[in-house]
Amino acid sequence: MHAQPLTRRSTIWLVLLLVLGSVPALAAPPKSILDDPAFQEDALQGLDRLYTLDLAGASATFSRISARYPDHPVGPLLKALPAWWEIQLNPEDESLDEAFLDAMGEVLKRSDRRLKRNRNDLDAMFFKAGAHAFRGRLHADRKHYLRAARDGQKALKYFQEVRKRDPDNPDLLLGAGLFDYLADVVPDQYPILKPFARLFPRGDKARGLRELQEAMDKGRYVSTEASFSLLQIYYFFEKDYATSLHYARQLRERYPGNSLFHLYEGRAFARLNLWGEARRVLGEVAEKQAEGQPGYTGNVAEPAFYLLGRDGVKGKRYAEALEVLERLEELPRNGRKESTYKVYGRLYRGMALDAMGQRQEALRWYQQVLSARGSANDKARDQARGYLRQPFLG
């Protein structure tokens, strides 16, 4: 009856430049740092800690790698990954942006120094591609599309150079797959981005999905990132929630403490109207947030509380819904923008109160919905106006 609100992440972060994905380690031909067994062991350990959201442990591991390879671009890139995940957990908090962009700038400087000494330095090329890709992704998140497109062009240039030299490496397929899929799909789904699409070669959706699957199945360093990319592609672009759930459950099995993987599992169950499982999983997310578990930030938990509250209203469990929606309202959050989930939560709170005969209190919450700003809240405001004229009766 009522659409689930879209967050900025659900429309923007994947929109323009996941072009090469977050690929801290693309395997390369011999004489690359990535062929060093000591690097391989520590890098994989650090990535495992990163995906379990042991960000302090990941930072320690990446710092150890950086100290072992001074002046190499691998250092600042890996050391920035915990900050990148902090941004994913609190996408509207821009306080880490400057430090993260500075780190990518340092990767580019170190890569350029190596390329001046040897223009065929593969480590320099793929780390430069990775830094431009990361920077482009963040610019896209912040709606700085021209900057994102420029970074994307540069990332693609260096990525293609690396791939020419090692075309059969499955780790390289993460970037190839993301580019092929997004370059084909995004311009049609988001017309505002069509002018930027002209800056890139044509993509191929089907090929992109095959490449991402192979990167997940065979990649040494990028398997988890490829799986997460497939989860989000099927959820946001393909609207294939059963397949999205498949990838979410795979990721949850490997990293049960990752709050984003946990949330996506619950959201996919909800989209499939499997509400018994959805309530269980979303309830776990809500409780882990209340317990202060690492990664279960207010921003991450908002969709869980909202969906549980909306389900309570639709199921006429109004007292239960009000309790959940009150917890949603009280969630701490990072970011300057008003939470769309909280705006819709206020709408459903008014509806629950209306159905319980508490009209005056319901009117107060509808009025709060009307005061919300932003186009993402247009539908909520329209519905609130309707209920101001005529009560919601259940």
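View 1. Lys-116 sits in helix H5, which spans residues 97–117, in what is a predicted model. With a relative accessible area of 77%, Lys-116 counts as exposed, because the cut-off for that class is over 50%.

**View 2. The ring pair of Phe-126 and Phe-127.** A pair of aromatic rings is described by the distance of the centres and the angle of the planes. The model holds 24 aromatic pairs, and one of them, formed by Phe-126 and Phe-127, is tilted, with 4.2 Å from centre to centre and 35 degrees between the planes. Phe-126 has a relative accessibility of 1% and is therefore classed as buried, and Phe-127, with a relative accessible area of 1%, is buried as well.

**View 3. The ring pair of Tyr-235 and Tyr-264.** In this aromatic pair the rings of Tyr-235 and Tyr-264 are arranged edge-to-face, with their centres 5.8 Å apart and 75 degrees between their planes. The pair connects distant parts of the chain, since Tyr-235 belongs to helix H11 (residues 223–237) and Tyr-264 to helix H13 (residues 259–271), and the two are 29 residues apart. Tyr-235 and Tyr-264 are both buried.

**View 4. The aromatic cluster that includes Tyr-235 and Tyr-264**.

Key
Residues are numbered from 1 along each chain as its sequence is written. This is a predicted model: local features need pLDDT of at least 70, side-chain atom pairs count only at pLDDT 80 or more; totals for chains, interfaces and linings use all residues. Side-chain values use heavy atoms; hydrogens and water are left out. Helices (H or I, at least four residues) and strands (E, at least two) are DSSP runs, numbered from the N terminus. Buried means under 20% relative accessible area, exposed over 50%, partly exposed in between (1.4 Å probe, protein chains only). Rings of Phe, Tyr and Trp (its six-membered ring) pair if their centres lie within 6.5 Å; planes under 30 degrees apart count as stacked, over 60 as edge-to-face and the rest as tilted.
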